[in-house]
Amino acid sequence: MSGRNDELVERLRRLILDVPDFPRAGIVFKDITPVLADPPSFAAACDWLAARLEEARVEQVLAIESRGFIFGTAAAARLGLPLYLVRKPGKLPRATLGADYALEYGHDRLEIHQDAIRPGTRYGIVDDLIATGGTAAAVAGLLEEHGGRLTCCAFLVELGFLSGRDRLPDGATHSLLRYD
Ligand code: AMP
């Protein structure tokens, strides 16, 4: 983490709230919604995410449902990059590619429009938080299978103790705030 982010990181640490036992017993949910309600912090967080995508020369942004939509949309718009949605099953209207994955608190499946993945294109994934890395790894798997190049995985929050980044390409994962 570079020095000039210290103030932003401290502000985010104060804003992000721990909600014990949500959505089920034993999970400490990181509630990022207060960040959205604090315009300077939200804007700075989106700028930081956009900078990571830009550094990695990302050509297309994949935002993960649902809180990843908020940050991924803002970052893609800042950079003028195409945005694609990674959604829960049955939400996308056209032909999809899908992958099953494990969450910190359960299992799920995600889908992306088939025409969102173009061989040889540089992709960046954006989500609010990486926990076990199962969600992002499922997207990484889909990209790999269909010839997309994953060059950046950008998160607001990383639960470092779950080692999710180990499931993603070496050196591609960036998080603004880490909890160990
Ligand atoms: P994972 O696949 O385990 O890395 O989980 C990441 C996804 O689940 C992200 O979309 C997060 O929004 C959500 N998530 C997982 N664990 C938490 C948590 N402790 N607090 C808030 N969101 C979480």
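Contact here means heavy atoms within 4.5 Å. Keep that cut-off at hand for the tour. The model is predicted, so local features need pLDDT of at least 70 and side-chain atom pairs count only at pLDDT 80 or more, while totals for chains, interfaces and linings use all residues. Residues are numbered from 1 along each chain as its sequence is written, and side-chain values use heavy atoms, with hydrogens and water left out.

**The whole chain**

Start with a cartoon view. The C-alpha trace spans about 40 × 35 × 30 Å along its principal axes. Of the contacts with a separation of 6 or more, 60% join residues 24 or more positions apart.

**The main core**

Next, select Leu12, Ile16, Leu156, Val157 and Leu176, the residues with the most contacts inside the largest nonpolar core, which has 31 residues. Two or more residues each come from helices H1 (6-15), H3 (39-55) and H4 (67-79), and from strands S7 (122-130), S8 (149-159) and S9 (173-179). Helix H3 gives the most, with 6 residues. A nonpolar core is a set of buried Ala, Val, Leu, Ile, Met, Phe, Trp, Tyr and Cys residues joined through side-chain atoms within 4.5 Å. Buried means under 20% relative accessible area, exposed over 50%, and partly exposed in between (1.4 Å probe, protein chains only).

Now centre on Leu156. Beyond its neighbours within four places in sequence, Leu156 is in contact with Leu12, Ile16, Ile32, Ala45, Leu49, Phe71, Asp127, Asp128, Ser175, Leu176 and Leu177.

Move on to Leu62, Ile64, Val86 and Leu168. They are among the 25 residues of another core, which lies apart from the largest one.

**Ser41 in helix H3**

Go back to helix H3 and pick Ser41. Is Ser41 buried or exposed? Ser41 is buried, with a relative accessible area of 0%. Once neighbours within four places in sequence are set aside, Ser41 is in contact with Leu8, Arg11, Leu12, Leu15 and Val35.

**Zooming out**

To finish, colour by burial: buried residues make up 50% of the 180 in the protein.

Key: Helix = DSSP H or I, 4+ residues; strand = E, 2+ residues; numbered from the N terminus.
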